[in-house]
Amino acid sequence: MTLPIYADARPVAIIEADREGPRIDYEETWRQDGDRFPISLSMPLRTSRHGPDVAVPWLMNLLPEGEPLRAMTYALGVGRDDILGLIAETGRDLAGALTIGSPRSNARPGYRKIDNPGDLERIIAELPSKPFLVGDEGVSMSLAGAQQKLPVGLDGDGIAIPINGASSTHILKPDNPRLAGSVQNEALCMVLARRCGLVVAPVSTGRAGDRSYLLVERYDRAGAGIDVRRLHQEDFCQALGRPPAAKYEHNGSGVRGPALADMFALVREHMTARDINRLLDAVIFNIAVGNVDSHAKNYSILLTAQHPELAPLYDLMSGLNWANITQSHAQDVGGQRRGRHIYGRHWRRMADACGLSKPGVIRRLDGLITRLLAELPAAVEEVGAMSAGGREMAAMFAASIGDRARLVQAHAQEEGDQAEPDASDPEGARLGGEVSPSVG
């Protein structure tokens, strides 16, 4: 199979598969284009051909995981190991600026408006068996992750489905029946991060009948309507050449997942000191709010013709209030994964491993958490005023976040018990919906 890759209408590369697996060859015209950017930091433009060792992980990371992937394969009649077959069916609207596959018809790109809340409620209900509306005429799109979600556009005040290669501008994330208040939880964490000065994707909430949802503005899109432009991005697994099964530092995939040291090294090699500080703030924030699912696919990089930079944060959620959710974070902090057991010695070890100033890390942590605690009440009110409501639920999550943040702040000034085990955790699920590969 051969699949072309485009940025807008400009040919970027060709995917070709042989018995060794898929490879990606840059078009020479793209390598000479004044607005060129690399497909991935793992596939620099100075090399025209990139083999399966980097092409396969990059492609796999464009597809969903877990139940959404299984449902997609059933709906399309394509095997889950047939990466190119899945990409060929879903590659017209992906994360980033690229589309994969030739246009299927001369139909004009556009948007199919969802006429009423009842229709949207039905679409949400069907997502578990029909992810990304696979099979609908003119619909071809995919997003990574194990959570149910739907790329959408806005048509006036309403929500619309992109068709015939039109670009989505928002991501709709329905409430999770297994995690009560998931919409308010994620909205709270996103709003709180923004109020603390972190760069995050804008969010709002809404209702469709008995269902609620989070609506996330895509940071890899600019403009509106027919003037929407795609901006290129990739997640840290793609940039580091790791498959999605290795997104956690500790996993059972047989491939070592990215550690914080790997992530900081990537930023230091390709980006600026500002991006290093932004990544450090994100790590501190995720520990402070109990976001145990801040794996390498939940950090991304914007790739432009000028230079790479850290993308806005997304998928921020606290796992402190739900039973059977692992309390092990996605990466070690100085050898410790449990947020309530991270002390000053762990932060200093992390600083050493990541090439950071040890006193500087502690000072930055103290300042960020002080601001977080001050902003919590206003963040609760902001979420409560959104369309899906749920102020009481947001306040419940905020109380747990406040307790954890104060503990993290206090422990950063202490050495802690040197006998404290660093890697034990009872088995639990990840927020993304799968049993943690790092426990047991």
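Buried means under 20% relative accessible area; exposed means over 50%, and partly exposed is in between, with a 1.4 Å probe and protein chains only. Keep that in mind for what follows.

This is a predicted model, where local features need pLDDT of at least 70, side-chain atom pairs count only at pLDDT 80 or more, and totals for chains, interfaces and linings use all residues. Residues are numbered from 1 along each chain as its sequence is written, and side-chain values use heavy atoms, with hydrogens and water left out.

Now the aromatic rings. Rings of Phe, Tyr and Trp (its six-membered ring) pair if their centres lie within 6.5 Å; planes under 30 degrees apart are stacked, over 60 edge-to-face, the rest tilted. The structure holds 4 such pairs.

One of them is Tyr 219 with Tyr 314. It is tilted, with 5.8 Å centre to centre and 35 degrees between the planes. Tyr 219 sits in the loop between strands E11 and E12, and Tyr 314 in the loop between E16 and E17, so the pair ties together parts 95 residues apart in sequence. Strands (E, at least two residues) and helices (H or I, at least four) are DSSP runs, numbered from the N terminus. Both tyrosines, Tyr 219 and Tyr 314, are buried.

Next, Phe 236 and Tyr 299. This pair is edge-to-face: 6.1 Å between centres, 65 degrees between planes. Phe 236 lies in helix H7, Tyr 299 in the loop between helix H9 and strand E15, so parts 63 residues apart in sequence are tied together. Phe 236 and Tyr 299 are buried.

Last, Met 1. It comes before strand E1. At 52% relative accessibility, Met 1 counts as exposed.
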